[in-house]
2 protein chains.
Amino acid sequence: MKTVKTFHELHDALEKMERPLGYVPTMGYLHEGHLSLVQEAKRNNRSVAVSIFTNPTQFSPEEDLDNYPTDLERDLALLGKEKTDLVWLPSAEDMYPDDFQTWVEVDQLTKLLEGRFRPTHFRGVSTVVAKLFNALQPDRAYFGQKDAQQAAVIKQMVRDLNYRLEIVICPIIREPDGLAMSSRNSYLDPQERKAALCLSRGLEAARQAFLVGERSADRLREVVRTEIEAEKLARLQYVSCAHPLSLEELNDSIEDCLLSLAVYVGKTRLIDNIQLSGRIEKS
Amino acid sequence: MKTVKTFHELHDALEKMERPLGYVPTMGYLHEGHLSLVQEAKRNNRSVAVSIFTNPTQFSPEEDLDNYPTDLERDLALLGKEKTDLVWLPSAEDMYPDDFQTWVEVDQLTKLLEGRFRPTHFRGVSTVVAKLFNALQPDRAYFGQKDAQQAAVIKQMVRDLNYRLEIVICPIIREPDGLAMSSRNSYLDPQERKAALCLSRGLEAARQAFLVGERSADRLREVVRTEIEAEKLARLQYVSCAHPLSLEELNDSIEDCLLSLAVYVGKTRLIDNIQLSGRIEKS
């Protein structure tokens with residue numbers, strides 16, 4: 001496994017890599033969710049590159065950039081085990097020099113859901129992903145369904161800007177008790193960790209209701225809300241039942257939807273989601 | 001010379017092209033300025049691609065998109081003579097489908113000069129150029145110094161977004177009498193064509209003043225302004241004496257500068273510029 005830092009080192013390393021190249025962008029502090037992306041990339045490409053970069057421009061000043069967990073040594077050990085070919089560790093100084101002034105913005109999709117509460121977040125995401133794609137020129141890039149809106153935004157950006165690569169979205173990986181894996185789970189104390197189960201419990205309750213025929217977007221949101229409100233340490237920020245592509249909120253009877261939510265558990269903001277389809281049941 | 005339209009045809013054609021690939025993006029109605037870019041690309045690359053696309057997003061509603069001159073047959077004949085390998089003719093429908101919503105914006109550089117009078121212009125330029133670069137993945141791309149600010153904006157975008165290609169800026173090509181070549185010169189009637197010489201005359205007068213020691217930005221602007229105001233059919237929109245990289249207006253004694261202006265001659269808006277350097281004289 002080769003590790004590079006500068007653009008120059010990266011370009012040198014890329015010239016020697018076999019195509020197709022699969023790519024997994026991460027912010028580090030890797031968990032099984034990330035590793036599932038690396039494994040999927042290994043299965044379908046001749047080489048696999050992973051970047052670890054805690055991108056400052058997708059955090060607002062009041063968010064947790066400074067506290068974002070890191071453990072580079074552990075990350076590299078995990079990536080080594082997965083036989084990752086290349087790990088790129090760009091520096092913030094190289095990525096955002098002083099006169100940096102170019103932004104990639106996806107207009108509509110980013111105004112909804114997460115974007116209502118994190119208005120500059122997706123501008124940071126789409127900009128850094130465009131930069132990473134340009135620097136690496138991968139053939140496929142892998143993202144998790146956990147960040148469902150991010151996946152939709154990146155797919156839209158790739159389509160709109162004519163990137164010549166395939167975006168592969170992989171399923172959410174959950175802890176045995178149902179909690180969606182997230183680097184931010186490390187912020188939770190034991191009580192909060194237990195309380196955090198209300199997210200997956202709420203989604204599962206809604207899925208059960210959907211399976212026995214509930215098709216009202218309002219009532220599905222209500223099922224989730226009830227579960228969160230029953231948990232004292234949790235505070236619901238939003239619950240959404242939205243069109244899976246446009247992300248527009250649904251109001252009446254639904255067929256397919258993305259059911260998603262953001263919840264504060266103590267000071268930690270967690271998100272989770274589930275896709276429901278009346279045509280093919282997904283779990 | 002191969003001509004393609006769809007992205008699919010483009011990608012097929014690109015696979016057969018030898019690298020390095022030089023690329024000249026144009027809006028068509030080609031003149032010797034464009035052809036000088038193709039010639040420069042031929043000299044330094046194994047293959048050369050040209051696109052012809054009158055990009056709607058860089059025109060504001062009150063601008064001349066609908067009247068922009070076209071002569072595809074002539075353009076293709078000219079490109080054939082230059083032994084262009086590939087001509088790409090994307091359609092507006094393919095480039096901007098109905099749900100298109102992603103923009104590339106360069107922040108600071110685009111607020112100045114042209115950007116003050118054409119506030120959405122450079123967003124359209126940077127977005128379409130990013131799209132064209134992503135679709136073609138050239139090794140070098142060629143632009144004319146005639147659009148000096150556009151050249152600066154694209155260089156900034158390429159740096160900021162980590163595009164792996166080289167931007168080559170080629171000198172302004174002028175008519176024998178000094179008028180900078182432009183597709184928009186075709187709008188001028190014979191009287192206006194004569195009046196349009198005030199732009200190059202103004203710049204040349206300033207260059208002469210600079211050569212004999214004038215170093216006041218104010219007085220250099222004044223020299224240009226005087227020439228334009230002496231021409232009845234011309235109306236000066238702006239004259240700028242700016243830092244060649246930041247494009248910030250200079251106030252006091254200067255060493256290097258970009259002297260540029262926009263002038264309405266009748267209803268036709270023309271731009272021109274000259275670079276002045278106290279260190280190495282450029283003409």
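Visitor: Which residues of α9(A) and α10(A) meet each other?
Guide: Look at the side chains on the facing surfaces, and keep in mind that this is a predicted model. In α9(A), the residues are A:Cys198, A:Arg201, A:Gly202, A:Leu203, A:Ala205, A:Ala206, A:Ala209 and A:Phe210. They meet A:Leu220, A:Val223, A:Val224, A:Glu227 and A:Ile228 of α10(A). Sorted by class, this contact has 10 nonpolar, 1 polar and 2 charged residues.

Visitor: At what angle do α9(A) and α10(A) pack?
Guide: Two numbers describe a helix pair, an angle and an axis separation. Here α9(A) and helix α10 of chain A (residues 217-229) pack at about 145 degrees, and their axes are 8 Å apart. The crossing of α9(A) and α10(A) is right-handed.

Visitor: Is A:Glu227 buried or exposed?
Guide: Count the neighbours. The cut-off for buried is 20 or more other C-beta atoms within 10 Å. A:Glu227 counts as buried because it has 23 C-beta neighbours inside 10 Å. This residue is found in helix α10 of chain A.

Visitor: And what does A:Glu227 touch, leaving out residues up to four places away in sequence?
Guide: On that count, A:Glu227 touches A:Cys198, A:Arg201, A:Gly202 and A:Ala205. Take A:Arg201: it sits 26 residues from A:Glu227 along the chain, yet their C-alpha atoms are separated by 7.0 Å.

Visitor: Now the sheet. What is the strand order in the open sheet of 3 strands in chain A?
Guide: In chain A the order is β8-β9-β10, with antiparallel pairing. β8 (234-242) and β10 (268-277) of chain A each have a single partner strand, so one side of each has no neighbour in the sheet. On average, neighbouring strands of this sheet are turned by 15 degrees against each other, direction ignored.

Visitor: How many bridges pair β9 of chain A with β10(A)?
Guide: There are 10 bridges between strand β9 of chain A (residues 256-265) and β10(A), in the antiparallel sense. One such pairing puts A:Cys257 with A:Leu276 as bridge partner in β10(A). Helix α9 of chain A (residues 197-211) packs on this sheet, touching β8, β9 and β10 of chain A, and its direction makes about 15 degrees with that of β10(A).

Visitor: Which residues have the most contacts inside the largest nonpolar core?
Guide: As a general idea, nonpolar side chains in soluble globular proteins tend to be buried together. In this model, the largest nonpolar core has 159 residues, and A:Leu259 and B:Leu259 have the most contacts inside it. Leaving out residues up to four places away in sequence, A:Leu259 touches residues including A:Leu203, A:Ala206, A:Leu220 and A:Val224. Also among its contacts are A:Cys241, A:Ile274 and A:Leu276.

Visitor: How many residues of chain A are in contact with chain B?
Guide: Start an interface by listing who touches whom. Here 24 residues of chain A are in contact with 24 residues of chain B. α1 (7-15), β5 (102-106), α6 (121-136) and α7 (148-160) of chain A each supply at least two residues of the chain A side. The largest share, 5 residues, comes from β5(A). By class, the chain A side divides into 11 nonpolar, 8 polar and 5 charged residues.

Technical notes
Residues numbered from 1 in each chain as written. Chains lettered and ligands numbered in written order. Predicted model: local features only at pLDDT ≥ 70, side-chain atom pairs only at ≥ 80, totals over all residues. Core = buried A, V, L, I, M, F, W, Y, C linked by C-beta atoms within 7 Å. Buried ≥ 20, exposed ≤ 12 C-beta atoms within 10 Å, placed from the backbone. Contact = placed C-beta atoms within 7 Å. Pairing = 2+ DSSP bridges. Helix = DSSP H or I, 4+ residues; strand = E, 2+ residues; numbered from the N terminus. Axes fitted to C-alpha atoms, helices over the stretch in contact; angles between N-to-C directions. Nonpolar A, V, L, I, M, F, W, Y, C, P; charged D, E, K, R; others polar. Left-handed = near helix turned anticlockwise from the far one by under 90°.
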